[in-house]
Amino acid sequence: ESCPLWVDGCLASRNLELVSFNDRYGYALSHLPWPFKNREVVVHIVSSNDKKSGQVNIDMQTDKRFDSTLDDNAIRIEDSHSRYLIRPLSANSCELVWMQHTEPAGSLPAWLVNAMVIDLPKNSLPKLKSLAKQDRYQNVSLQYDKNHKINGLTLKNGERINHPE
């Protein structure tokens, strides 16, 4: 749900279904300049972590589970694959690797797509860094299951993130 706060061009996002902390379905609506139509995507988001390295993987792939277009003025992206790798570098820093392949659907000029490929991470990552520095995200508590996999995240105000109720 924080996507519009940091992902460049994201107008709206929300969870559609929470299977578990590490398995959910999400929706995002992205802005495109006039005269082009906005794009929407439904993704299956699966996260995992490695106890030894501390790395967290977040994999997102388009999903047809929610078939109908959720925004009548948008074009549905049918083919998108993304992966975020978050690697700890020290107690207070990490590395984020962002890999993404998206077929934007519909007819778009190459100059627009090429600009978006460059601008998306360039404009998004500074906003993510700023968001992560907010007081709300400090002293986050991670919960682990018996296999040492992350199965919960609680903010210092007690708010639980992406927990199925």
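This is a predicted model: local features need pLDDT of at least 70, side-chain atom pairs count only at pLDDT 80 or more; totals for chains, interfaces and linings use all residues.
1. The main core. The largest nonpolar core has 13 residues, and those that touch the most other members are W6, V7, C10, V41, V43, M60 and Y84. Two elements, α1 (3–6) and β3 (38–49), each give two or more residues to this core, and the largest share, three residues, comes from β3. As general background, nonpolar side chains in soluble globular proteins tend to be buried together.

2. M60 within that core. M60, which is among the core members with the most contacts to other members, touches V43, H44 and I45 as well as S80, H81, S82 and Y84, when residues up to four places away in sequence are not counted. Two of these partners, V43 and Y84, are also named among the core members that touch the most others.

3. The cavity. How many cavities of 30 Å³ or more does the model contain? The count comes to one, and the space in the largest cavity is about 40 Å³. Its lining is formed by V42, T62, D63, K64, R76, I77 and E78, and, when these residues are sorted by class, four are charged, two are nonpolar and one is polar.

4. T62 at the cavity. T62, one of the residues that line the largest cavity, lies in strand β4, which covers residues 56–62. Its relative accessible area is 17%, and T62 counts as buried because this value is under 20%. The side chain of T62 reaches the backbone oxygen of E78 at 3.0 Å, and E78 is itself part of the cavity lining. Leaving aside neighbours within four places in sequence, T62 is in contact with V41, V42 and V43 on the one hand, and with I77, E78, D79 and S80 on the other. Among these contacts, V42, I77 and E78 also belong to the lining of the cavity, while V41 and V43 are members of the largest nonpolar core.

Terms used. Residues are numbered from 1 along each chain as its sequence is written. Side-chain values use heavy atoms; hydrogens and water are left out. A nonpolar core is a set of buried Ala, Val, Leu, Ile, Met, Phe, Trp, Tyr and Cys residues joined through side-chain atoms within 4.5 Å. Buried means under 20% relative accessible area, exposed over 50%, partly exposed in between (1.4 Å probe, protein chains only). Helices (H or I, at least four residues) and strands (E, at least two) are DSSP runs, numbered from the N terminus. Contact means heavy atoms within 4.5 Å. On a 1 Å grid over the protein atoms alone, a cavity is a set of points where a 1.4 Å probe fits but cannot get out, and a pocket is an open set with protein on both sides within 12 Å along at least five of seven lines; lining residues have an atom within 4 Å of a point. Grid points are joined across faces, edges and corners, and a volume is the space filled by probe spheres set on the points. Ala, Val, Leu, Ile, Met, Phe, Trp, Tyr, Cys and Pro count as nonpolar, Asp, Glu, Lys and Arg as charged, and the others, Gly among them, as polar. A polar contact is a pair of N or O atoms within 3.5 Å; within protein, one must be able to donate a hydrogen and the other to accept it, and residues adjacent in sequence count only if both atoms are side-chain atoms.
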